[in-house]
Amino acid sequence: MVIATATSVALVPAWVAASPRQPDKPAHSASSARPWQAYNYSPSSRTVAPTAIHSTVGDVSRPSAVLKHRTTRISGAGSAVTVDFGKEVGGIVSLDFTGSSGPQQVGLAFSESSMYVGTSSDASTGGPRSRDGSLIADVDGRTRYRMPQAYQRGGFRYLTIYLESGGHVDLDKISLHFTAAPAMKKLDDYANYFYSSDDLLNRIWYAGAYTTQLNTIDPKSGRIWEPPATLWDNTGDVGVGDTILVDGAKRDRTVWPGDLGIQIPAAYAAFNDTTSARNALTTIYQEQRPTGELPYAGPELDKWGSDTYHLWTLAATYDYMLYTDDTAWLRDHWSAYRSAIDFSRAKMSQNGLLSITGTSDSVRILAKGENLIANVLLWRSLDKGATLARSIGDDATARTYASQAGSLRTAINDRLWDRAAGAYTFYPDSTIHPQDGNSLAVWYGMTDADQARTISQELKGNWSPIASTAPENKGNPGVFSGSMEVNAHFAAGNPEADQAGVDIIRRQWGYMLDHPAGTKSTFWESYRNGEDCVFCSTYVSLAHGWAAGPTPALTSYVLGLEPTTAGGDAWSFVPHTADLTFAQGRITTTHGAVTAGWSVRKGTYRATVSAPRRTTGTAGVPTFGRRVTVKVDGRTVWDGRRAKASGVSLEDGYVRVSGLTAGKHSIVSSAARR
């Protein structure tokens, strides 16, 4: 269907309040024209200052003065002031002293959580120790101290400054050079945005984006491995290029392929950052062994022995190609992709399933055998591998992969589907229905509609008051697997599942975002159900990329915008409205930005979408279980019973309008007359 361009209407409905409740630590105030900017946690400058005093110990006079570049005096060995940056930050700290009582030694210690504030930093290095220790600055009179590059701290909220020696020092300025996202010229100027009627969801979208941004680093500033004997060292060479996605701001500062399954969609949804994704994938492919095996973790960790993480690289390859259509890069790495497929297929059992022998995984060591998530990942790598093969003209491989994907899907359903539970089992003889594999099967589109519906219901049965939980991991909160689950509920494609997706985002990610021991800005690697032990280790990362799943989910499903062919030549606008009353936002394709918004009020659905030249789109207009009429640019295309234009159909609770051309379009739907 080709529809003429129409004049656009306002994306924010007039009846929506212009100023939502502000986030805890907005980067700056937002204009009424861009209210979503109030939720942006990214600093407006690479020079960042603390915002509050967390606590003092011993003799500290005028502790708040240093926040205003006035003198705070610290006197006596062990006396300390802890400053709070108000959110997670990362980089290189400088301290300015106006004087001292002779030569003194001043310590600097870092912590992401208030639980671990003290004179020794939380852990980032690995190894047997639970603390990293502290840096020591030599101060003698007027002194400016700047942390050495090797000791930059990638993730912290709290900085404790204490006097190691006796005497006193006068401190009048604390500043941080923010080092994350090194290729971004303006840290808070995102390529894309999300804004909705739900304040909490807006905060969560931006916190996921900020988590991803902090996990984007200069590849020459990764973690050294093996751990240094004392302190820490972030001068490790962890990949190619000048910007790369790693798994944590504090640690590991290393490319982990599993994390890329969440990070690459999140980096795209927020920043249209595909360069960091390409560099991460290139780094992993460069490590491939002659056998075809891909690493469990990239340099400097250089870990091996994971059949699942081997396949995550292939799954992430399709995501990168969807956002970029970078066929030149794909041709350079196609033989490596095929070799990696062969490596996995060599482990197929007589039952037609991948039987894993490399058992390292995200949060536990897997058992050998016919594991669910490994087989779902192999299915996706074959299914989307066929698409990739066709894109570069390798039709023979495309046919082979498509056939193998079909056979594998049949074997998965025959051996792992538990009809009584309405979900897949962990292994064929297991009674566990894992969060990760079931979620991924729905999110990646391996299931039929009935399977997707029952899996969504089964996953809801595992929720605790503060989290989605992972039966395969002793019922602990699933953060990586929870990111998969969020996307799975929306992908299930029915109203009950859509509401489940919104509900668990609010419950789990709202808990992480607002917990007093958290960063108030980023999402965590892991946590526990019991309040007596939230993190249970100073080593846990509180800005971890695999936790950013709601950011792409809110864009792709709640807003409903996503590319459907490589580079965004084709796109879709299919909102999953749940209980929201409006949403708006943007994605960026290789041809330019697609901007859209929708609102629901008094039974009327209104939407606008604007797309660049050389693209076509499909809009899905929710029916809310009723007979509706749909108008596009003022023309009736669905009269409640039948299509009134070509390319219009009723499918799965939506009136689908295909063939939308470049330009601006308005869509209005209301109850049909009887």
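The model is predicted, with local features needing pLDDT of at least 70 and side-chain atom pairs counting only at pLDDT 80 or more, while totals for chains, interfaces and linings use all residues. Residues are numbered from 1 along each chain as its sequence is written, and side-chain values use heavy atoms, with hydrogens and water left out.

**Pockets**

- About 1,200 Å³ of space lies in the largest pocket; a pocket here is an open set of points on a 1 Å grid over the protein atoms alone, with protein on both sides within 12 Å along at least five of seven lines.
- Grid points are joined across faces, edges and corners, and a volume is the space filled by probe spheres set on the points.
- The lining of the largest pocket has 41 residues, and Trp443, Gly445, Ala491, Tyr557 and Glu562 lie nearest its centre; lining residues have an atom within 4 Å of a point.
- By class, the largest pocket is lined by 21 nonpolar, eleven polar and nine charged residues (Ala, Val, Leu, Ile, Met, Phe, Trp, Tyr, Cys and Pro count as nonpolar, Asp, Glu, Lys and Arg as charged, and the others, Gly among them, as polar).
- The second largest pocket has a volume of about 720 Å³.
- Its lining has 35 residues, with Ser362, Val363, Glu525, Ser526 and Trp546 closest to the centre of this second largest pocket.
- Helix H4 (307–324), strand S15 (476–477) and helix H10 (480–492) each give two or more residues to the lining of the second largest pocket, and H10 provides the largest share, three residues. Helices (H or I, at least four residues) and strands (E, at least two) are DSSP runs, numbered from the N terminus.
- The second largest pocket has 17 nonpolar, eight polar and ten charged lining residues.

**Helix H4**

- H4 has 18 residues and reaches 27 Å from its first C-alpha to its last, close to the expected 26 Å (1.5 Å times one less than its number of residues).
- In H4, 18 of its 18 residues are buried (under 20% relative accessible area with a 1.4 Å probe, protein chains only).
- Asp325 follows H4 and has a positive phi, near 55 degrees.

**Aromatic contacts**

- The structure holds 32 aromatic pairs (rings of Phe, Tyr and Trp, the last by its six-membered ring, with centres within 6.5 Å; planes over 60 degrees apart count as edge-to-face).
- Phe110 and Trp232 form an edge-to-face pair, 6.0 Å centre to centre with 90 degrees between the planes.
- Phe110 lies in strand S4 (residues 104–111) and Trp232 in the loop between strand S10 (216–217) and strand S11 (244–245), so the pair ties together parts that are 122 residues apart in sequence.
- Both Phe110 and Trp232 are buried.
- Arg153 lies over the face of Trp232, at 4.4 Å from the ring centre (CZ of Arg, or NZ of Lys, within 6 Å of the ring centre and within 35 degrees of the ring normal).
- The charged end of Arg380 sits over the ring of Tyr444, 3.9 Å from its centre.
- Trp36, Tyr39, Tyr193, Tyr195 and Phe582 form one aromatic cluster.

**Cavities**

- There are four cavities of 30 Å³ or more in the structure; a cavity is a set of points where a 1.4 Å probe fits but cannot get out.
- About 50 Å³ of space lies in the largest cavity, and its lining includes Gln152, Asp218 and Arg253.
- The largest cavity is lined by three nonpolar, six polar and two charged residues.

Notes:
Buried means under 20% relative accessible area, exposed over 50%, partly exposed in between (1.4 Å probe, protein chains only). Rings of Phe, Tyr and Trp (its six-membered ring) pair if their centres lie within 6.5 Å; planes under 30 degrees apart count as stacked, over 60 as edge-to-face and the rest as tilted.
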